[in-house]
Amino acid sequence: MDSTTVQHVRHPEILALGDAGSTPNSKTGAAVRNQAPVLVKSLLVAINGAVPAARYSGYSSCPLTTARAKMLLAEFDYPLRPAPSHPFIDSTKERGDMWLLKR
Ligand SMILES: Cc1cc2nc3c(=O)[nH]c(=O)nc-3n(C[C@H](O)[C@H](O)[C@H](O)COP(=O)(O)OP(=O)(O)OC[C@H]3O[C@@H](n4cnc5c(N)ncnc54)[C@H](O)[C@@H]3O)c2cc1C
């Protein structure tokens, strides 16, 4: 699979996402959430015969429980750069509201 368009490299009409896809991202539901819109756009482009425009960054996230009611969210992309997705919340610091997200 192309790691950014989630298309098969020789058969662009074949697309895959999630744990059974062969892109080299960390396999999480968070990754599926980010792959899904790219897959839909790549599929529409494959049907219409154009070049894919949407790109999946490799985004994935892992909830890390740090205490009984605290958690932080490690969010990262393919090169393992931080990839925060919550504009008003610093999810890299342990927080009670992040714990509620996990619950
Ligand atoms: C313990 C645990 C904790 C996790 N915690 C997190 C988390 O906190 N955050 C996060 O983002 N991700 C988490 N993940 C990862 C996340 O659950 C997976 O990455 C995500 O569910 C993958 O989605 P999927 O749709 O690709 O596959 P799945 O969710 O595995 O769905 C595949 C489906 O296909 C069905 N199936 C299999 N074979 C067949 C068949 N032959 N015919 C028909 N149906 C079939 C299965 O029954 C299943 O329902 C966790 C995973 C585990 C195991």
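Here is a short tour of the ligand site, a strand pair and the salt bridges.

This is a predicted model, so local features need pLDDT of at least 70 and side-chain atom pairs count only at pLDDT 80 or more, while totals for chains, interfaces and linings use all residues. Residues are numbered from 1 along each chain as its sequence is written, and side-chain values use heavy atoms, with hydrogens and water left out.

**Around the ligand**

- The ligand is surrounded by Gly18, Asp19, Lys27, Thr28, Gly29, Ala30, Val32, Pro63 and Lys102 (a residue counts as near if one of its heavy atoms lies within 4 Å).
- Sort that shell by class and you get three nonpolar, three polar and three charged residues; here Ala, Val, Leu, Ile, Met, Phe, Trp, Tyr, Cys and Pro are nonpolar, Asp, Glu, Lys and Arg are charged, and the others, Gly among them, are polar.
- Helix α1 (residues 29–48) gives the most to the shell, with three residues; helices are DSSP runs of H or I with at least four residues, strands are E runs with at least two, and both are numbered from the N terminus.
- The side chain of Lys102 has an N or O atom 2.8 Å from an oxygen atom of the ligand.
- Overall, the protein covers 26% of the 1000 Å² of accessible area that the ligand has on its own (Shrake-Rupley method, 1.4 Å probe).
- On the backbone side, a polar atom of Gly29 is 2.9 Å from a ligand oxygen, and an N or O atom of Thr28 is 3.3 Å from a ligand oxygen.

**The strand pair**

- Strands β1 (residues 60–67) and β2 pair in the antiparallel sense over seven bridges (pairing takes at least two DSSP bridges).
- A hairpin joins β1 to β2 through two residues, and Ser60 has Phe76 as its bridge partner in β2.
- β2 (residues 70–76) is largely enclosed by the rest of the structure, because five of its seven residues are buried (buried is under 20% relative accessible area, exposed over 50%, partly exposed in between, with a 1.4 Å probe and protein chains only).

**Salt bridges**

- The structure has three salt bridges (a side-chain nitrogen of Lys or Arg within 4 Å of a carboxyl oxygen of Asp or Glu).
- Asp77 meets Arg81 at 2.9 Å, N to O, and Asp77 is buried at 8% relative accessibility.
- Asp90 pairs with Lys93, their closest N and O atoms being 3.4 Å apart; Asp90 is partly exposed at 35%.
- Asp97 and Arg95 meet at 2.7 Å, N to O, with Asp97 partly exposed at 34% and Arg95 partly exposed at 25%.

Note on methods:
Polar contact = N/O pair within 3.5 Å; in protein donor to acceptor, adjacent residues only side chain to side chain.
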